[in-house]
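Let's take a walk through this protein, from its overall layout down to a few individual side chains. Keep the structure open as you read.

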Amino acid sequence: MARRAKVWHLEDIKAALRKRYGTLRRLSVAWGYHHGAITKVLTDPRYSEVLERRIASALHAKPHVLWPDRWDADGISLPRAGDHRDITAISRKSCLKEEAA
């Protein structure tokens with residue numbers, strides 16, 4: 001029987017990052033992000049999928065192990081709460097702005 005990977009708790013993720021890299025603030029800046037970026041991505045699933053992948057890589061884990069509610073086992077981002085925007089409407093609005101400029 002295959003063993004299921006251990007899912008990380010938010011505090012475990014923060015502790016592991018701190019043990020390896022120091023403060024989350026310093027790590028965010030070292031990676032070229034805003035000083036609160038890592039804290040934000042840990043609590044807000046809509047913040048940055050790219051940073052989620054980077055955190056997972058830094059901890060030698062797969063994104064779906066750290067955030068099973070955000071990623072599937074194939075490494076594909078799952079739909080997230082708050083992502084209910086109509087892409088067609090957004091694209092149309094962007095096109096209208098470009099035409100006006």
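Helices (H or I, at least four residues) and strands (E, at least two) are DSSP runs, numbered from the N terminus. On that basis the protein has six helices and zero strands, and from the N terminus on its elements run α-α-α-α-α-α.

Before going further, a word on what you're looking at. This is a predicted model, in which local features need pLDDT of at least 70 and side-chain atom pairs count only at pLDDT 80 or more, while totals for chains, interfaces and linings use all residues. Residues are numbered from 1 along each chain as its sequence is written, and side-chain values use heavy atoms, with hydrogens and water left out.

As for pLDDT, that's the predictor's confidence in each residue, from 0 to 100. The mean for the protein is 82, and 75% of its residues reach 70 or more. Take care with residues 85–91, though: pLDDT stays under 50 there, and the model has one contact beyond four places in sequence for that stretch. Contact here means heavy atoms within 4.5 Å.

Now for what's inside and what's outside. Buried means under 20% relative accessible area, exposed over 50%, and partly exposed in between (1.4 Å probe, protein chains only). Buried residues make up 29% of the 101 residues in the protein. Looking at contacts between residues at least 6 apart in sequence, 36% join residues at least 24 apart.

Start with helix α1, residues 10–21. Its 12 residues reach 16 Å from first C-alpha to last, close to the 16 Å expected at 1.5 Å a residue; the expected span is 1.5 Å times one less than the number of residues. I13, K14, A16 and L17 are buried in α1. They sit on the same side of the helix because they cover an arc of only 165° around the axis, the arc being that of the directions from the helix axis to the C-beta atoms. What do these buried residues pack against? Their partners are α2 (24–30), α3 (37–43), α4 (49–58) and α5 (63–66).

Helix α4 can be read in a similar way. L51, E52, I55, A56 and A58 are buried in α4, and an arc of only 165° around the axis puts them on the same side of the helix. V50 and S57, on the other side of α4, are exposed. The buried residues of α4 pack against α1, α3 and α5. H60 isn't a glycine, yet it has a positive phi of about 55°, and at 69% relative accessibility it counts as exposed.

A nonpolar core is a set of buried Ala, Val, Leu, Ile, Met, Phe, Trp, Tyr and Cys residues joined through side-chain atoms within 4.5 Å. The largest one here has 19 residues, and I13, L17, I38, L42, I55 and L66 touch the most other members. Helices α1, α2, α3 and α4 each supply at least two residues of this core. If you click on I55, you'll find it touching I13, L17, W31, I38, V41, L42, L66 and W67, not counting residues up to four places away in sequence.

L27 is in α2 and is buried, at a relative accessible area of 4%; leaving aside neighbours within four places in sequence, L27 is in contact with L17, Y21 and I38. S28, also found in α2, is buried with a relative accessible area of 0%. With residues up to four places away in sequence not counted, S28 touches Y33, H34, H35, G36, A37 and I38.

Last, the aromatics. Rings of Phe, Tyr and Trp (its six-membered ring) pair if their centres lie within 6.5 Å; planes under 30 degrees apart count as stacked, over 60 as edge-to-face and the rest as tilted. By this rule there is one aromatic pair. Y21 and W31 form it, edge-to-face, at 6.2 Å centre to centre and 65° between the planes. Y21 lies in helix α1 and W31 in the loop between α2 and α3, so the pair ties together parts that are 10 residues apart in sequence. Y21 counts as partly exposed at 33% relative accessibility, whereas W31, at 16%, counts as buried.
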